[in-house]
Amino acid sequence: MKYNRNYTDEELNEKLADKVEPEDIDFYIDDTQLGYDENGEVLFYFIKNVIKEEDIPVEAIKKASKFIISNGRGHASGKIDMNQPLWEKSLKGKELTEINLPNKYTLNPVGISNRKYKLNNPVHSNVVGYYEKPLVNFKKTIKTQPKCRLTQFSSRHLSHYSKIIPYIEKVSREMAKQLPNHYRKQNDFIKKHRERIGESCYSTITINHNFRTAIHIDKGDFKNGIGTITTAGDYEGGQFCLVDYKIAIDLKPTDILFVNVHKHHANLDFTGTRYSMVSYVRENMNKCGIEYDYRVVIPSYDRAIPLKKRTLAMLERGGVPKNRIDIWIVKEQADDYLQFELDGYRVLEGVKGVSNQRLAISEFYNENQPLVWCDDDCDGLFKKVKIASEAENKWKHKELEDYEDYFINGFRKLWESGYNCFGVYPLKNIDWMKMRINDKLTYITGAFRLTFNKREYENTKYTLIEDYARSLNYFKGDGGLLRDESVYIKHNCYTLKGGIQASEERTEENKRKQIESMISEEPNYTRLVKKKETWDIRFRNNKPFDSKKDTYFMFACDWADEDDIKRMIEIANSVRNQGYKIKIYMYLSSFMLYDELFDDEGRTLDIIEDAETIVGIEDYINRNHFIFNGIKSGMIYLKNTLENIGKFRTKRTRNIADGSIIKIQNNHPIIDELIKYIELNKTFDNKTFKKYLEVFDIVNC
């Protein structure tokens with residue numbers, strides 16, 4: 001149905017902060033209806049009975065709505081009323097004058113209190129999810145504080161926030177079903193960003209409690225999107241009103257209202273308890289940066305022209321920005337690649353040779369930096385897709401449209417799995433390709449892969465079978481890796497002149513020697529394949545292993561601050577709840593000082609032991625960087641690290657290693673090395689020696 005306007009822009013602006021009343025309404029809507037404005041654009045889509053009441057996380061919504069009292073809701077909070085119950089004592093009942101009432105809905109209380117900013121009527125209204133502005137307390141340190149963040153409620157009450165996410169995801173799926181064009185625009189805007197609520201098309205939810213909004217328009221949300229409103233509670237009235245069109249929509253907890261919130265709107269009065277959830281995307285989330293700040297790294301040797309025609313053209317088709325692409329060359333060919341730097345790409349100098357160049361690239365970037373590795377002979381990423389046909393199982397290859405989206409999803413899958421390497425199918429063979437992500441030990445081609453940069457995994461002595469060696473390093477180091485077997489990379493490394501492998505002495509004899517060496521060293525993972533005139537190597541069918549069952553987290557603490565102890569306990573519980581084994585070692589004096597905290601918050605942590613001598617061993621580990629079979633003891637810094645609470649990550653924390661946690665795989669060779677170290681330093685008595693064994697749990701390994 002089409003609706004027409006009833007007021008001019010000037011008349012609507014005069015109504016801002018006024019209440020809307022029943023006499024202002026001509027149309028009452030209480031059934032499913034799609035409404036259009038005077039220009040034929042969607043004004044609202046009201047859908048009845050699409051949410052099950054049992055799916056509404058009422059308790060979490062209650063908690064969120066009362067988290068703060070907001071004085072920042074502008075016109076929506078109405079004209080200033082100093083008798084409202086939520087005003088703080090210093091302001092409640094104050095007489096208004098022209099000095100402190102600069103307009104009809106804001107109060108400038110200078111002269112009334114010490115405040116120096118404007119206030120609106122106080123209401124129970126809270127923002128959940130993500131926000132692009134820093135906390136008020138951080139404004140003085142804005143240069144060092146992130147502008148985009150998880151809101152205070154969401155970060156402090158993760159358990160409640162996590163219960164809201166599935167509900168919002170269901171609402172989002174309903175938008176995808178009912179308003180696919182609006183959903184696509186909004187989802188395309190937010191899907192690459194970290195600031196996204198679950199898998200929904202929303203970044204933010206405003207949750208209100210018993211808040212009858214006055215006439216206002218929403219600001220700061222995505223202009224090409226559409227607002228989504230749902231409710232909870234037991235109430236009567238409170239209809240959502242589109243003021244200009246004199247429409248009132250009777251929204252109940254099982255209903256969804258998709259509506260243009262850039263039109264003037266408000267609520268009628270209501271009785272009972274009413275919660276409303278307004279879900280949307282913040283317009284400035286595009287300034288927060290994408291979810292994974294990746295770099296595309298392209299090692300190139302003697303292929304300046306093919307690089308431009310193939311790999312760079314491929315990335316441009318896929319929408320990858322030039323400023324994310326690094327081209328790695330050798331110094332003597334700098335003149336051949338000068339034009340790429342002038343075109344906006346970053347050109348960096350490395351070294352000759354496949355393995356040497358890739359290791360140099362890995363050494364250049366920070367540990368855990370998201371990297372997209374792409375050779376200079378690549379010509380497209382193609383996905384296996386089904387053809388609409390009467391014939392069964394008829395498939396074809398289709399090039400991906402959005403490469404950056406594929407990269408982000410790949411890194412997201414890696415993050416969720418806990419692994420660090422993601423690859424694609426190495427061959428164009430539609431019959432062998434599968435519609436799945438494989439996490440077994442599989443060959444990851446170096447022509448195209450995604451990694452969270454791990455320098456020790458990139459380091460290999462093999463130069464002719466380096467892709468097999470690196471694949472095995474990542475598998476053994478992480479317990480698994482990922483390969484998308486529905487996508488393959490089109491490239492030409494054998495007949496195309498040049499390439500970083502051109503500087504290697506790539507003979508069948510040398511390759512055979514390296515194959516024999518790797519199989520003799522890794523018989524449990526590799527096997528020999530003999531062909532007519534050549535030898536090749538294959539991986540055995542090794543399934544991913546559960547690192548949780550084979551990993552201890554050892555907390556070495558010398559903290560003497562109560563807040564740090566509480567944080568350590570919370571993180572330890574979080575790690576334990578994920579299935580890891582926990583050992584906590586503290587100075588006995590610190591433990592005795594805060595033993596009441598362990599009785600209360602740490603009651604589920606089983607073992608607390610003295611660690612007076614642990615520092616020496618930590619220093620020894622740090623100096624020697626024990627690396628065996630691609631596995632390194634992981635040192636993760638936790639002190640003052642709020643982001644790890646409740647959602648602890650073992651592999652990709654952004655903080656500097658400081659020995660606050662030691663991760664050692666059970667039965668790892670590092671244990672043997674520690675025993676050797678202790679045996680070589682038996683200058684202390686048996687009692688001290690026993691302490692060392694207990695601290696590292698060697699006796700029980």
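Buried means under 20% relative accessible area, exposed over 50%, and partly exposed in between, computed with a 1.4 Å probe on protein chains only. This is a predicted model, in which local features need pLDDT of at least 70 and side-chain atom pairs count only at pLDDT 80 or more, while totals for chains, interfaces and linings use all residues. Residues are numbered from 1 along each chain as its sequence is written, and side-chain values use heavy atoms, with hydrogens and water left out.

**Exercise 1. Classify Asn49 and Asn210 by accessibility, and give the phi of each.**

Step 1. Asn49 has a relative accessible area of 58%, so Asn49 is exposed. Asn49 sits in the loop between strand E3 (42-47) and helix H2 (58-65); helices (H or I, at least four residues) and strands (E, at least two) are DSSP runs, numbered from the N terminus.

Step 2. The value for Asn210 is 36%, and Asn210 is therefore partly exposed. The loop that holds Asn210 runs between strand E6 (204-209) and strand E7 (227-237).

Step 3. Most residues other than glycine have a negative phi. Phi is near 55 degrees in Asn49, a positive value, and about 50 degrees, also positive, in Asn210.

**Exercise 2. Describe where Leu414 lies and whether Leu414 is buried or exposed.**

Step 1. Leu414 belongs to helix H9 (residues 403-417).

Step 2. Its relative accessibility is 0%, so Leu414 counts as buried. In the chain of 701 residues, 52% count as buried.

Step 3. Leu482 is 68 residues from Leu414 along the chain, and their C-alpha atoms are separated by 7.3 Å.

**Exercise 3. Describe how helix H8 packs with H11, and how H4 packs with H5.**

Step 1. Two packed helices are described by the angle between their axes and the distance between the axes. Axes are lines fitted to C-alpha atoms, for helices over the stretch in contact, and angles run from 0 to 180 degrees between N-to-C directions. Angles under 35 degrees count as roughly parallel, over 145 as roughly antiparallel, 65 to 115 as roughly perpendicular and the rest as oblique.

Step 2. H8 (residues 354-364) and H11 have axes that cross at roughly 40 degrees and come within 11 Å. H8 is therefore oblique to H11. Contact means heavy atoms within 4.5 Å; Val354, Ser355, Arg358 and Leu359 of H8 meet Glu466, Asp467 and Arg470 of H11.

Step 3. For H4 (residues 158-178) and H5 (residues 180-190), the angle is about 125 degrees and the axes are 5 Å apart. These two helices are therefore oblique to each other as well.

**Exercise 4. Which residues line the largest cavity, and which helix gives the most to the lining?**

Step 1. On a 1 Å grid over the protein atoms alone, a cavity is a set of points where a 1.4 Å probe fits but cannot get out, and lining residues have an atom within 4 Å of a point. A volume is the space filled by probe spheres set on the points, which are joined across faces, edges and corners.

Step 2. The structure has two cavities of 30 Å³ or more, and the largest has a volume of about 60 Å³.

Step 3. The lining of the largest cavity is made of Arg358, Cys421, Ile444, Gly446, Arg449, Glu466, Asp467, Arg470, Ser471 and Tyr474. Helix H11 (residues 466-478) gives the most, with five residues.

Key:
1 Å grid on protein atoms, 1.4 Å probe; cavity = no way out; pocket = protein on both sides within 12 Å on 5 of 7 lines; lining within 4 Å.
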